[in-house]
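Here are my notes after going through the two-chain file you sent. Have it open while you read, as I refer to residues by number and chain.

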Amino acid sequence: MSWMHRLRNALRPGRTERDIDRELTFHVEERADELARAGLEPTEAHRQARRQFGNVPLQAERTRDADLTLWLDALVRHLRLAVRSLRRTRGFSAAVVLTLALGIGANTAIFSALDAVLLRPLPFPDDDRLVHLPQIIDRLGGNLVAAARVADWEDLNTTFEGISSYNTEGISDTTGDVPERVRRATVMPRFLEVFGVTPILGRGFTEAEHTFGGPAAILISESYWRRRFGSAPDVLERSVWMGERTYPVVGVLPASFRLAERDVEWWVPQQVDAPWGLNRTYNSDTAIGRLRPGVTIERARADLTRVQARLGEQYPETDGGLTPGIVPLKDVMVGDVRGSLWMLFGAVTLLLLIACTNIAALLLSRATRQGHEIAVRYALGASRAAVTGHVLAEAGVLAGAGAAVGLLVAVGSATLLRRLAPTLPRLDEAVIDVRVLLYTAVTAVAVALVCGVLPAIRNARGAIVAHGARRTVTPRQSLQWWLVGVQMALSVTLLVGAGLLVRSLDTLSRVDLGFDPDRVLAFRVSASFGEEQDYNRTVERINRTLDALTALPEVEVSATAVQLPGVPGQVPRELTVVEAATETPLVADVRVVSYRYFETMRISLEAGEPCRRTLTSVGVTEALVNRSFVDRYFPGRDLIGLHLAGGSDDRIMGLVADTREQGASSPPAPIVYQCFSAATPFPWFLVRTRGEPASASAVVRRTLSDLEPLRAVYDVAPLSQWIDDSRAQSRLRTNVLTLFAVAALSLAGLGVYATLAYAVSLRRREIGLRLAIGARRSSIVGRYLRSGLGVAGLACIVGLALSAALSGLLAGMLYGVSPYDPLTLSAVVGLVLVVGAAASLVPATRAALVQPMRVLREE
Amino acid sequence: MAPQKNDILQGTLGLLVLRTLATQKRMHGYAITTHIQQVSADMLRVEEGSLYPALHRMEQQGWLRSEWGLTEKNREARFYALTPAGRRQLAQEEESWTRLARGVGRVLRYA
């Protein structure tokens, strides 16, 4: 009989019994028929047939036993019994199920994120053969390759199925009424084949479309198709407008196709024989390759190195000294999130473990309470396995229910996780699927075992327990109190960490930045690298925009800068002062700003003059330095009129105060401000508004669309928001740690409550006795309150010691707060004591309300 | 005629059932009982009730398979048949039975 069959028989005992009944009745009736044919009367025949058969019910029962596998039947019986006994103590069961739901749910959510980001393959066929091919220049690292070189690699290699590349750029989509910004990828031939992607509509690019002067064509993403064309089926007959040119749509790519740049919506073919396509120094592309089946990375690397060596001989100036690298594409896309995800997983598993010890303590108490029942069972002949099975069944039912509710929690927290960590790659692929469900099931089983094993051992041991005697002294539950104490100590440590991080963030937000980020709106205007050909026109355009913006009534003043002030990301450069040579070169941040920058950012000018409005891009430019620069390298000297060298030649014309433009957590550094309003075609525009910056954005957009109807305005946000976003990582860390700390504290509080509650319930007779001989109710409350607070207090001491030991870990992330900050520590201790007291109060009060007469009369 | 209780028969019930089904292919419990009685010329009478726990046990162990069907008289009955594993088990049990019988015979003759 198959397992399914047996399981079905176990779950539907009625049906099995009926079947057996039918079978045995048939036998008896056939015998009766035969006897009747031999001449007996029907009733007599029937009676004799039955006698010949033997004991019908007995045989039926024996047959049934043969049908059901004993252990399976026992399992179902145990589960039914467990559910019934858990229903009798609803409060306890509900509390446990909820705790488990939180623990298992959080665990599952993090696991699904881990699965999506790290464990699952990329959404391309045979993704383990996809590699990224960076170009390494003389050990300096590097990444991007010239398209012409990619074409050569594709032609000359022997180990790849195909090599292709792409580069992305933000571009103006002028198909609609208002220009919008869209990210466009320019792709080399065979791009779709290398990735193994087929368009869901239409086709890829033809060879003709990849030639200079060939027909225009564009591939759009599924999301763009939905957004712009409403998923219209005739999209292959429509076109999009890019700037002033029109591109017919030749295909739609599926939504599952994502590059590392996730927001690419347009794909256009690279024109391989165009000037920029043949230029070997224009390293613009990210190269991707698909290895042939069975080819190892080492073999491919050797092959490509050989190819590149040949190219180096052929084109020594452009290709000599370059080496190709090979990195699996998955590593590139997932990046350095690995460490933090695993750490998060470890933390949440630890939390689940804490919850399990909590529940193990609760189940222990419960088992102690049921000691009488267990003794009776043993007396009646139950085996050790049967009694152990009962406890494990209870744990199993609780874990199962907890897992079921936990799945709901997981689904909910998946959305929360996405909001907390929007920068995690591939997070939107996280979904509750079969693997995740399997993981949940395994977790539930593990939880049941962990929680149930202690009480099971306790019950197995306590076979002969003298429970007949009236006991007024009950055993101390030292194990339970130990478990609770450990949880409290752990939550104290977590709280201290979280509290310190919170204070550190707070201090950071109050640091004086040296400039005023409030009421400044920041945005960018779309442009293209092609504009680098004619810089004068670019400068003119930007200056014109600045003037138009400043002229607006809502705007006080405006400027441009290449880097956003307050957002870290600068790499310092080496410079020298021409007239004042030093032995070591000077290191400073170089920030390129336009005229009126210092006025816009309210940075005070200490000497000299600010930037002037420049019209040309060549010639001697002007620069300012800040006080740190002077104080560190030329203390006391006046640098105005001197010249800087190193990159470009600037004349120093002013001195400004110190600022923390690299972010509040970095101390003021030496800065050189180069005056140039258009160092790139798309600098940041900084507009100081008279009112709220967000409300001025509509006006700004309108002005710009009047001035430059083909350019899109994007990345529009108040500067303070940009600065906040740059601190998102540390805020995320703080939030997560706080969440964990609060969860741990709640669990510990629950543990105190539960343990004390059962202690009280075990000692009811003792309490009743005390009250009967004259103890005051308040003293009863006091006793139990004291035990709860005692554990909390001890836990505080241990927890503080633990956090002191771990202070080294945290010290690097703190700002302006010491790891032994007394304010934080005392706040944490206070909170924990309050929680401990609150948790103890309810059972203590219930103890005081015990009715002595009733309790003493109980058996 | 009162049925003879035969203890040794109980032990070999499995063997008899397997052999019966090996030749008769598909039978219900009653037919198996009467067949054994007939073929053994009434020397063996199975305690009829004890057949069924044995049948179900053998099915559990995978030597038989069963299905509900209709007899010629259009009554519902459970029919049993041998599985390949059952055939192997039959060969094994026949061999051990023969060995047992020979051994007992020798002891009776020479002891």
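This is a predicted model: local features need pLDDT of at least 70, side-chain atom pairs count only at pLDDT 80 or more; totals for chains, interfaces and linings use all residues.

1. Chain A has 859 residues, of which 39% count as buried, and its secondary structure comes to 29 helices and 24 strands. Chain B has 111 residues, with 26% of them buried; here there are four helices and three strands, and they follow each other along the sequence as α-β-α-α-β-β-α.

2. A word on contact range. In chain A, 84% of the contacts between residues at least 6 apart in sequence join residues at least 24 apart. For chain B, residues 24 or more positions apart account for 50% of the contacts with a separation of 6 or more.

3. Now the place where the chains meet. The contact takes 18 residues from chain A and 17 residues from chain B. On the chain B side, helix H2 (29-39), helix H3 (48-60) and strand S3 (76-82) each supply at least two residues. Which of these elements gives the largest share? That is H3(B), with nine residues. By type, the chain B residues that touch chain A divide into seven charged, five polar and five nonpolar.

4. After the helix comes Gly62(B), which has a positive phi, near 90°.

5. The sheet of chain B is open and has three strands in the order S1-S3-S2, with antiparallel pairing. Strand S1 (27-28) and strand S2 (64-70) of chain B are at the edges with a single partner strand each, so one side of each has no neighbour in the sheet. S1(B) and S3(B) run antiparallel and are joined by two bridges, and Met27(B) stands opposite Tyr80(B) of S3(B). H3(B) packs on this sheet, where S2 and S3 of chain B are the strands touched; the helix direction makes about 120° with that of S2(B).

6. Over to chain A, and helix H11 (residues 297-314).

7. Ala300(A), Leu304(A), Val307(A), Gln308(A) and Leu311(A) are buried. They cover an arc of only 95° around the axis, which means they are on the same side of H11(A). As background, an α-helix has 3.6 residues a turn, so residues three or four places apart point the same way. The face turned away from the buried side of H11(A) carries the exposed residues Glu298(A), Ala302(A) and Glu313(A). What covers the buried residues includes helix H7 (147-156), strand S4 (160-173), strand S11 (283-291), helix H12 (316-319) and strand S12 (322-324) of chain A.

8. Strand S17 (residues 586-593) of chain A has two pairings to check. With S16(A), S17(A) pairs in the antiparallel sense over three bridges, and the bridge partner of Glu574(A) in S17(A) is Val587(A). With strand S22 (residues 671-675) of chain A, the pairing is parallel, over five bridges; there Val593(A) stands opposite Cys675(A). Seven of the eight residues of S17(A) are buried, so the strand is largely enclosed by the rest of the structure.

9. Leaving aside neighbours within four places in sequence, Pro572(A) is in contact with Val587(A), Ala588(A) and Asp589(A). The C-alpha atoms of Pro572(A) and Val590(A) are separated by 6.7 Å, although the two are 18 residues apart along the chain.

How values were computed. Residues are numbered from 1 along each chain as its sequence is written. Chains are lettered from A and ligands numbered from 1 in the order in which they are written. A residue is buried if 20 or more other C-beta atoms lie within 10 Å of its own, exposed if 12 or fewer, and partly exposed in between; C-beta atoms are placed from the backbone. Two residues are in contact if their C-beta atoms, placed from the backbone, lie within 7 Å. Ala, Val, Leu, Ile, Met, Phe, Trp, Tyr, Cys and Pro count as nonpolar, Asp, Glu, Lys and Arg as charged, and the others, Gly among them, as polar. The arc is that of the directions from the helix axis to the C-beta atoms. Two strands pair if DSSP finds at least two bridges between them. Axes are lines fitted to C-alpha atoms, for helices over the stretch in contact, and angles run from 0 to 180 degrees between N-to-C directions.
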